[in-house]
Every structure is written in structure tokens, then in C-alpha cells.
Amino acid sequence: MKSTVSRRNFIKGGLAGTVAATVLKENTSQAASFEGYPEGMGVLVDLTRCVGCRSCEAACNQEQKLPQPAKPFNDFSVFDEIEHGQKRRTDETRYTVVNRYDVPGQDHPLFRKIQCNHCQEPACLTSCFVNAYTKTPEGAVIYNAKVCVGCRTCMIACPFYIPTFKYSSAFNPRIMKCVFCYDTRLKDGKPPACVEACPQEALTFGKRSELIKIGQQRIRETSGKYEDHIYGEHEVGGTAWMYLSSVPFDKVGFDTHVPKEPILNLVKDFLGIVPMVLTIWPALFAGFHLLATRKDWLKGKTEDDHEEE
Amino acid sequence: MRLFSHQRPELPIVDHVKTDGTPWTLKEKLWLGLSMPDYFKQFFRNPVNWLMIGIFAVGLPLLLQRYIYGLTAVTHASNDYPWGLFLGFGLFGMVPLSASGFMLGTTVELFGRKDFHPIERLALLNGLLGYFFAVVYLEVDLGMPWRLPYPMVVSLGPAAVLFLVAWHVATYLSVQIAEVLPAFFEWIGWLKGKRVIRKMVLGLTIAGIILSTLHQGALGALFNYAPAKIHPLWLSINFQWIHFFCSSIFGGLSMVIVSSTLIRNFAGWRCDDTFKKSLDDITLKLGKGCSLAMITYLVIKLVAVAHDQEWEYLLTGWGGYFMLELGVGVILPMFMFAAAVRNNAPGLARAAAFISVVGIIWNRLNTSMIAFNWELYPEIPHWKEVWITITLYALYFITYRFIVYRLPIVYRWKGER
Amino acid sequence: MRTELLTRKKIAHTAMAMAMVGGVLLWTGPSRAMDAADAPETVEIDSLAKLYTGVHFDHAMHTEIASCGQCHHHTTGDKVTDPNCVRCHAKSGEADTVACRDCHSRERFSKEDLSRLDNPQLYHIDKPGLKGAYHLNCVECHQKMGGPTGCQDCHGMTAAGEQMFHTGGHAPAATPTGGHSGH
């Protein structure tokens, strides 16, 4: 794998708990000012264009060498599949799925593709205690199965329910998730397989900064066609994959309550107290000890030692 | 065992030598000074052991199944609920109940409260085993259990909250082993080792406070990663770590009361007179500590609801459930503790402790599983997952009992100490 | 959206009526516009065919139900009506080429194509590629006019397509082998 510059690499050396925790502060403040790689790529998904042909699902399956699907990719009965009251989601056999939404007032159904949104400041990455995830300068959030312990905190932390676990394997489990076709395409400047397969150009690949301009142009120049919002421009601190929709986003399955800042920000306060506790507690409690045992100490140390235990 | 201790004056073992002056061998110590037939006689006479055998008969094959066929075989393998009972109960529930070690270590060693001395070792052991079994649960849950040391040595992700948990639990586990070792050294008769540990007690205790504060809090802060998934009443970004830390105080103390009660009632032969006589007094004092910690916890809980402007949630069904949890799990035992202290009724304090232990586990399960994905669908664990959870708890129980029966935890070693 | 639909229908109806009554070609605008008669009867759209076979496009039939500009924008000299296009293309006139492929890139997301977007003067930063242009044009209108919209209504599937879609000879066995989240 091409070596990608991780902004967290510089603290990899810190081994002892104290040392690691002391540099932690430095590290998190560094992360606070991180606004994503300027040249990072992304994809703009336009729900008004998607016709639910599932070509992206088929292309992903082929590109990522995923297992044979239960039904052919041109079988549209999958749109009616409901499990636990939920529409289809990603799992260890599929990195992306398209779901149909019949929104009242729309003369045709809307389709929403889900896959990893490749956050600018990914929650999976920042919650991983073995640094298994990397955000590459090209914009992909990739995963290293070689160091993963299988704790599944990334699945807890991902606000989009994207990473899945290969539970079916006892000896070689791993996280299964969309990697933006990083190894096979993105790092050579090529769009991911799903984008290339899309007949409708519902998926527009380009620099993230450029995509925001394109999205704004579409909203501005087709008055009333789109909701005046690009989902992913600010959600959880920004995502590389963003969405345009003709109906309010919560009508087509988007979580509109996700924070508008990186998930990392929510644990920063706690991480901030760590160096404080590490430095103040020893002195504080040693002081308490001296005060509390002053009488015994005055009485004479030898007796005291004898009596204890 | 009770029977034999009446018939044979040299039992239970409290010294290196028998009444006739010959030393106990290590093997004899392990068999509690009984012959093998006698040992098994008393073992099978105990109905609890039959229950254990029943649990293990089903549970061990299930564990084997988990390691051969993967988590799919014994859980629902949910991608929506990545953490199930193994972590919800085993990690998030066991760790706060193990706060006893640092609580009483601090009280006795740092604050010089010698009156708690008779229960200090039990509190330390309770802490050690709780943590150890939290790691055992983790080893069942982890996808690649053989990579447990990776966050320490192979690939470090120090900006993650879980990194703190891993490091602190690992180091604290070592601290607790060191704190319990003197009992072991007395039992095997290696005084040099004990003296080495004695010199480090103060340092170990302070390390214990630091590590406990941080990782009890860190377990709470872990849930800050899922702000959009957990019901707002169970997640307060600013206060989550304080909630978890504060509740672990009465959780740990209550667990020691429960454990000492069980030992006094069902293994009375093993307790010495100091332990038995001082227990009522200690229980009430611990109960007082619990009620103080509980009122603090309640106040911070309310502050969090006010701070996050969540009053209207209290009027929903979830709000009712939230208040039920606080009412039954915290407010009820809090008043029971207070009444017990006022009326000098240790029995009431013991009942309160039992309720508060259940309350803590209930809170952790609510946070990690029930209020998690509250807008999706509820996850009811697979029966095999439940059974394995119970099996591991049974393993915890017999390990606990095995050590208490042997090492000088609730009695004083009569030989050279 | 609804008014747009009506307008389009109206245009189509008018066009058809004129075609029937006059028996001659459409009158599409005052400027030097191209005539549908200049256009080919049929077009084989197959330069991108890989997973699907190309489309045998009945151009003559489509000229009867749509104006040139509806597909060819301003290039045929049709008067543009979209207020956004009018801003620049009100007097554009006939272009040198009307073929889709001459403006819409075959390699839409290639490095070279994307690098063109770096030009800050460029207005058309959102011009679809060739495949997108075809489908966006055809499918949107077919949806509105009730034309066929299924993939295989216009295309046949190739062997490579069947392989990728796990269909036809590559269809999964009747008993599912996986694909569910394992609940």
C-alpha cells in the first residue's frame, strides 16, 4: 500500500501510558485544525437522477470481489426487502446498496445509494485504538485488516452505520466496508467502479471542493427542483460523498440529526482531562495521605509499620 | 466444608503447620486440607455446584462453537448492534462493580482508615477478579482475540478513547495483581515477595486512583462516539464520563457489601472473628458512602438533563423508563442505605447493596443496548449469547470462591506474616 | 415541474399536429435552424457498448415528437427557452457539430477531463459525460412521456453484463448463498 501521511503518525512512538496520554493533548488540538486534504476527491450523489438500476451494486460486487449475491443485480424485488423494519443496509457481502423511497407528492420513487461517505474527519478512524483506518490524501478512508482487533468500536462510532463485520469467520474476521476503490482505482486517479457504472451520472466524481460548487450550481439553476442543502457538506464535519435531493433529506432515509462537527469533537473534552488527572492526582492524593496519617506518623513510624497488614 | 471444620480442629487452614507441627504441603492447601474423597463429598453436597455443572454442561460447548464457527454461531451477528451482552454486561457492567479495589485501597492506605482494614483484601480481590473477567468477556467478544496486545505493542491509536481504556485496564490489572499478591505470598509462605510489595503500596494505591478515575470515565466517554444513536437521556456529552465514574463509586462499594454478605452467610467457616465481628459496622459505613455517592450521582444526572434541555423527553415513554431506572436503581437503594445507617440496620444496607448492584448493570445495559439505536429496532440477544454470558459469570463465581476458600482474604494468616 | 411537463406535452402535441396537417417538416424557429430532414433516419448508439448492446435509435420517429433543441440544446439553431441558457445562448445559432460525442466526453471522470475544471473561467463545470448525456436525456423524457424506461427495454444485455449482474447464465442458484446481514 502506498504510504500515506497520517497526521497521527508522529505520536506512534509514545509507548508508556503516561507518555502517550501527555502527547494526546497535542494530538487532539492538531486534529481540531484539520479540515481535510485540499485535493481530496469525492462523489456527489444526485437522488433526482438515480433510477434504481443497481448497476453500482453490481459493479462494486465485481470490483471488490465480493461473494455472489442472493438475487441477481437486475432483480428489483430487493427494494421491497425489509428486515427489522429497516430497508437494506451494507453488510459483509455488499459495500453499497440502493434503496427505494416512495415519497408522497413525487410522481416517481426516489432512490438513495448508501456506501461509506468517506468523512473528512472520520469517526471510525478517530475511535480506532489500533489505528487501522487511514484517510488518504485522495479522500478515501481505508482499512488495514492486519492490525484490527475486531472490537467493532468503529461500527458504534460511524454515524452512517457503514462498517460491517465479517462475523461469519472465526479465524479471519475483519471489517468490511467501502474503500472508495482506493487500491484498484482511486490512487491512480480513476473514479470508483460504481461511479463508472452509473448510466445516469447520478454519481459525479471530482474534487470535493469542486463538487460543492457543482452542487450549488445545480440548486441555483434549477429553481425549486432541489432542497437547498448539500448533505455531507457540513454533516459530521464534512464528508467526501455528498448528496442532493428533491425532497427533505429525512424523507429519504438520511439522519438529519447527526452533529455538524466531527464526532471526534465530542470526546475531546474527556481526552482533555487525561493529562490533568495524570499530573494532579498523584500530588493531591499523596497530600491527602500525609494529612490523614499525620497523627500515626507523629506517634512513630516503626510501630505503625508493625501494626499494618 | 462447615461439617469438616467442626470435626477437625486443624481446619480450615490458617497456618503453615498442622496442630501436630508438621507443615501443610501446597497440595494439601489446594485441597483445603481434605482427602480427595472428602473434598468431592463436600463438593457434590452443595446444590450450587450442581447448578454450576448444569450451566457449564451447555455453556462450554457453546463457547467452543463460538471459537470454531465464529460469532455468527452464537449471536445475532448484528451490524446495527455491534456490541451485545458480552460487552454490555461483561465489560460495562463488571468494571464499575470492580471499583471496590481502588475505593477501599484509598480509604485504608491513603486516608489511614484502619477500621476498614478487615474488608480491604476482599475489596481488592473483588476489583481484581471483576477486571480480569471483564477482559475474559472481551476475549469472547473480540473478533480476533489473539490480537489483544495489539493496541499496546503493534499498532497504536492514542487519540482513541478505547486506547485509554485498554492501557488503563491493563496497567490497573497489574496494579491489582500486585495488591492481592501479599495474600498469595502469605499463603505460600514467601515473605520476601510480600515485603517488596509492602514498599510499593502507596505508589500502587495512587496509581490505582488515577487509572480508575480515567478508565471508569473513559468507558462512559466511549458512548460519546455515538451521539446520534443513543437516546439523549442516556447520553450527555459533557457529563457522560462523570456519570460513569460517579456511579462506579457506589457500584463498587455495593458489590463488596454483596460479596461479603454472601461469604459471611455461605462460607462462614472461612471468616475469622475479626471479619465477622466488624462486618456489620463496616457494611453500614460503606452504605453511608454509597448513599452519599448516590445523591451526588443523582444531582449530576439532573444537571445533565437540565444542561442538555431534555425535560420534554421525560414525559415520553423513554422518559418513564429513564425515571424507573433512576427510581428503582438509585433513589430506592439510596433511601434504604440512609435508613439503614440511621436505624443501625445492616440487613437493610445489604438489601440496598443488592438492588444498587442490579441498578448499575441495568444502567449499563440501558446505555449500551436498550437506549442504543432507540430509533431503529430493539435487539433481543440470541439465547446462546445469554447462556455464554451466564457461563462466564459462573466461571467468575467459582474462581472468586476458589480464592476466598484458600487465600487469607477474609481471615488473617496465623503463620509468619 | 408540472408546468414544464405541460409545456413539453404541448410542444409535442403541436409538433405532431403540424407534422400531420402540413405533411412537411417542423418549423422550429426564426433563425437559420437545421431541419430534421438534414438528420439521419436512424442512429446506432453503440460506441460505449460493453455490458449492454448499443441502441438502435429511431431518430426520425423522435423528431416527430420532440423539437431538435430538446435533445440537441442550442446546437441545431433552435431557439433556446431555458432562462438559464438564454443568458448566453440566445443568439448562438447553429453549431459546427450536433453530435453528442463532440461535446460530451467519453472519459468523463478521467484525470484530463477533471483537470479542465480547474479553469476558473469555465461555466459548464457540470457537463455530463457521454453516457450520462444519453441516459439523462432519454430517461428523463421517457419518464415524462411514458416511454420505456427499463434498461433492457432499449438495450440487450451482453455476456459481460450477465456476468456482472449475476443474471442469465450467471444467476445465483435458487437457494440464496448469502447476501443478508446474517440475522
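Which residues does C85(C) touch, not counting residues up to four places away in sequence? Keep that one in mind as you read these notes; the model is a predicted one.

1. **The answer, and the setting of C85(C).** C85(C) touches H74(C) and V80(C), once residues up to four places away in sequence are left out. You'll find C85(C) in helix α4 of chain C, which covers residues 83-89. Is it buried or exposed, or something in between? C85(C) counts as partly exposed because it has 15 C-beta neighbours inside 10 Å, and a buried residue would need 20 or more.

2. **H73(C), a residue to look up next.** The C-alpha atoms of C85(C) and H73(C) are separated by 9.0 Å, and the two residues are 12 apart along the chain. H73(C) belongs to the loop between α3 (68-72) and α4 of chain C. Check its backbone: phi of H73(C) is near 55°, a positive value in a residue other than glycine. That's worth a second look because most residues other than glycine have a negative phi. H73(C) has 18 C-beta neighbours inside 10 Å, so it counts as partly exposed.

3. **A positive phi in chain A.** K65(A) also has a phi near 55°, and K65(A) is not a glycine. Its place is in the loop between α2 (55-63) and β2 (97-101) of chain A. Buried or exposed? K65(A) counts as exposed, because there are 7 C-beta neighbours inside 10 Å.

4. **Chain A as a whole.** Chain A has nine helices and nine strands. Of its 309 residues, 47% count as buried. Now take the contacts in chain A between residues at least 6 apart in sequence: 63% of them join residues at least 24 apart.

5. **A sheet of three strands.** In chain A, three strands make an open sheet in the order β8-β1-β9, with mixed pairing. The edge strands are β8 and β9 of chain A, each pairing on one side only. From one strand to the next, the twist averages 25°. Helix α6 of chain A (residues 208-221) packs on this sheet and touches β1, β8 and β9 of chain A. The direction of α6 makes about 130° with that of β8(A).

6. **How the strands pair.** Strands of a sheet pair through backbone hydrogen bonds, either parallel or antiparallel. Here, β1(A) and β8(A) (residues 203-207) run antiparallel and are joined by five bridges. One place to look is V43(A), whose bridge partner in β8(A) is F205(A). On the other pairing, β1(A) and β9(A) (residues 241-244) go together in the parallel sense over four bridges. There, L44(A) has M242(A) of β9(A) as its bridge partner.

7. **Which way do the residues of β1(A) point?** In a regular strand the side chains alternate between the two faces of the sheet. In β1(A), M41(A), V43(A) and V45(A) point one way, while G42(A), L44(A) and D46(A) point the other way. What about burial? This strand, residues 41-46, is mostly covered, with six of its six residues buried.

8. **Where chains A and B meet.** The contact takes 63 residues from chain A and 55 residues from chain B. On the chain B side, the elements that give two or more residues are α4 (47-69), α9 (150-153), α10 (161-188) and α11 (191-221) of chain B. How do the residues on that side divide? There are 39 nonpolar, 13 polar and three charged.

9. **Helix α11(B) and its kink.** α11(B) has a kink of about 55°, centred on M200(B).

10. **One more residue in chain B.** L30(B) is in helix α2 of chain B, residues 26-30. Why does L30(B) count as exposed? It has 12 other C-beta atoms within 10 Å, and the cut-off for exposed is 12 or fewer. Along the chain, L30(B) and Y405(B) are 375 residues apart, but their C-alpha atoms are separated by 9.4 Å.

Key. Residues are numbered from 1 along each chain as its sequence is written. Chains are lettered from A and ligands numbered from 1 in the order in which they are written. This is a predicted model: local features need pLDDT of at least 70, side-chain atom pairs count only at pLDDT 80 or more; totals for chains, interfaces and linings use all residues. Two strands pair if DSSP finds at least two bridges between them. Two residues are in contact if their C-beta atoms, placed from the backbone, lie within 7 Å. Ala, Val, Leu, Ile, Met, Phe, Trp, Tyr, Cys and Pro count as nonpolar, Asp, Glu, Lys and Arg as charged, and the others, Gly among them, as polar. The bend at a residue is the angle between axes fitted to the seven residues ending there and the seven starting there. Axes are lines fitted to C-alpha atoms, for helices over the stretch in contact, and angles run from 0 to 180 degrees between N-to-C directions.
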